[in-house]
Each structure stands twice: as C-alpha cells, then as structure tokens.
Amino acid sequence: MNGGQDLGGMHGFGPVEPEPNEPVFHAEWEKRAFALTLAMARPGGWNIDMGRFARENRPAGEYLAMSYYQVWFAALESMMKERDLVAEDEIAAGHSLHTPKKVERVLSPADVLKVLHRGGPTERETNTKPAFKPGDRVRAKTINPPTHTRLPRYVRGRIGEIERVIGCHVFPDTNSLGAGENPQWLYTVRFDGRELWGPQGDPTATVSVDAWEPYLVPA
Amino acid sequence: MSDHHDHHHDHDHSELSETQLRVRALETVLTEKGYVDPAALDLLIETYETKVGPRNGARVVARAWADADYRARLLKDATPAIAELGYAGRQGEHIVALENTAAQHNMVVCTLCSCYPWPVLGLPPVWYKSAPYRSRAVSDPRGVLKDFGVTLPNDTKIRVWDSTAEIRYLVIPMRPKGTEGWSEDKLAALVTRDSMIGTGLAKQP
C-alpha cells in the first residue's frame, strides 16, 4: 500500500538525529510490547508479512505521528482483535473476560533461544529457472496495490540492472494476504542515482532494492 | 477479581501514559488467557538487552580483518560464516556482507520498515527506524552521512542497500591504518555499530 511506511525520497523530515549511548529500549512498556509481539506470532497464527501489513495499514498521518513501538503495539492489538483472540472490553478491563481461544505453540522459556536461533528462513526449493541473470536490464513495474507489497514507490517505473540472483523466496504480496507463500525468484536490482532522482540525484551513488520477479519486466 | 488487580495500582496513573497502561493491560489479558508466558517475555527482553547486540557484529568484522580465509568465506556466503561464531537466526536468516573500500562505501537502510540484521547488530536504534533516515538515505546519502559527521572523498562511490526482502546486510568497514598485527579483541573495540550500518567509520587507533 502507498502508506506512511513507504518513505524513500520524501522531503521535510529534517536531519537524522543519532542518540549518543542509546539504550536498547526507552521505556518499560517498549520492552513488553516488543516481547509480546515476538511471542504472539506463533500462537496468533500470523506470518511476518501479515505483521508488516498490520503495522503500515493505518492513516499515513497516524503512522508518522506514532513511535515505532507504538506502531508495533497497535498492529499487535489489531491482529489479535481480528482473530477474536482478545476483545476491546478485555483491554479496557485489564483482564480476560471471555473464554480463551485454543492456541498452539505458546512460547515457553525453554524454547525462546531455540526459536530465536532457528528464525524464519524464507528461501524455498523450486524447479523453476530465474527469468533474469546478472547484468540484465529490468524495469520495476508500475503497480499500486492497496495491499502489502515490498516494491517501494521510488523505484516503480525505473530501469535498473540485475546485480545478483538471490534465490527463490516467499512472496510477501500473497503471504501477507494469507494467500500462500507463492515463492518467487528474488534479485538484487541496482539503480543509478540519476535514474531514480533526476537532476537532484547523486551521480556517484547507486541504490539497490531486493525485488521479486513479479515486480520486474525486461527493459 | 479485585485481588488480581493490584499491579495496576502500583503507580499513580497520572505518571503512566495511555500506551503504557494498554500494554500492561494486554499483557495481563494474554497471560490470563494462557497465550503468553511472562517468563518467556522476560527472556526475550533479556536476550536483546544483554546478549544480542553490535558486539557480535564487531567480532565478525574483527575476524574478517585478521583472517583472510574467514574474510573470503564471509564475503562469499555470510550466513554460514557468521554462524561459525555462533550468531544466527531471527532477522538474520539470510545475511550478505558488504565490504567498504576506498572506491566504494556501502550504507544500509530499510525504507519500508526497520529490517536490520538482529543476530549481529541487535535491535535497531531509533534513528534507523525514523522518517528522516528512511526518507533520505536513498535520495541523499552524502547528506545523511554529514548528519553523522562523516564526509567521504568525492571519488568514493556510494552504494545504498534498501532491505526490501528478508536479506539482511552487514557492512564490513575499512580496517584503520596502524592496526597491523592487532588481536581480534583489540580490533573489535574499533568496530562501532554505525560502521556496520555504513553511517560511520571504524574508530582510529
């Protein structure tokens, strides 16, 4: 979706302000919101792409006004409510008021390190061949899906060069909708600064994105 | 239920933001429902506060500087090379190492969210997730570097990597001069978090 999350190339946000000796978390609630988000994914039954869409799927002004962990927490609440895992009256009361739904794979302390270490690899076996090879010129398609996509607006319609064939990976555009992993060939595509930004682009800079085959056409 | 209600009243409500209260309320609800185990939450937090952070990445970089064979393995296929040091897993399932040279400087961003190589760098700092960085890293990388006090020679090419898929990028900064023969421990102390994102350089000895 063309939401507040798709920030590449926007103006007006001012300078980057690094914080010296920044702590990992800035408040106790951030720690809990972070851990709840990680722990609920498996029992909640959503995947990483659904999680990302739940974060970006809100009015752009709201997205930009919230802190990052506020966005995470709002997404967690919305995903739980959508699945009837929790209801607003329960959050308001601060207690469970309704019969819990049956969930699987509740994260136990004994499993934490194992689960983190395993992660969630997204590469999948395939018997298809990649359509592009390094050096090929490609154009990023002009698409504007209202649903989740990982093709940023600033490269759409632009011509770049395939730098690397990464492998066949889960396709977020369908996985975010619960429409299957639908693995697709993934490429690193490099664009020149001037191709992306015109006269304002830096001719000594290039930018790459990792783009799935359905995002690309030969150029 | 009033006896279960105690920890909501530990503090004056005026000191607690609405978000704090809602997070606390949701955790209580989810715990009561049996969806989460608070001890697992504690362990998740402790892991990222104390165990998984940029010191991991610094060890990888130091080894790459000190050991040419390791450097070659890392640049060829970073995920197994990094796993040799015990770092792997969530948000680092597929890692690519990018070597900075005098000719090319690499810099990593995630314009769409906050993708970051957790096993080697830990959780991202606020600026990495912020609109100023995500908007300008791709369109004005030299300007962003200036925000960090970094000015590169005009003939150094800049290569920005937008982490739009599940590939995570780790920058291997240039090894500072005057560190020949140093131990990996001593080298690792020169490797900053920002130098592994590409918004900084390694410290000078």
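In which segment of chain A is the place of Asn2(A)?

Author: Asn2(A) lies in the segment that comes before α1 of chain A (helices are DSSP runs of H or I with at least four residues, strands runs of E with at least two, numbered from the N terminus). The model is predicted, so local features need pLDDT of at least 70 and side-chain atom pairs 80 or more, while totals for chains, interfaces and linings use all residues. Residues are numbered from 1 along each chain as its sequence is written, and chains are lettered from A and ligands numbered from 1 in the order written.

Asn2(A) is partly exposed because 14 other C-beta atoms lie within 10 Å (20 or more would be buried, 12 or fewer exposed). Leaving aside residues up to four places away in sequence, Asn2(A) touches Asn144(A) and Arg153(A) (C-beta atoms, placed from the backbone, within 7 Å). The C-alpha atom of Asn2(A) is 9.4 Å from that of Asn57(A), 55 residues apart along the chain.

Helix α1 of chain A covers residues 28–44 and packs with helix α4, residues 68–82 of chain A, at about 35°, the axes being 9 Å apart (lines fitted to C-alpha atoms over the stretch in contact, with angles from 0 to 180 degrees between N-to-C directions). Residues that meet there include Phe34(A) and Met40(A) from α1(A), and Trp72(A) and Leu76(A) from α4(A).

Chain A also touches chain B, with 70 residues of chain A in contact with 66 of chain B. To chain A's side of this contact α1(A) gives the most, 10 residues.

How values were computed:
Two residues are in contact if their C-beta atoms, placed from the backbone, lie within 7 Å.
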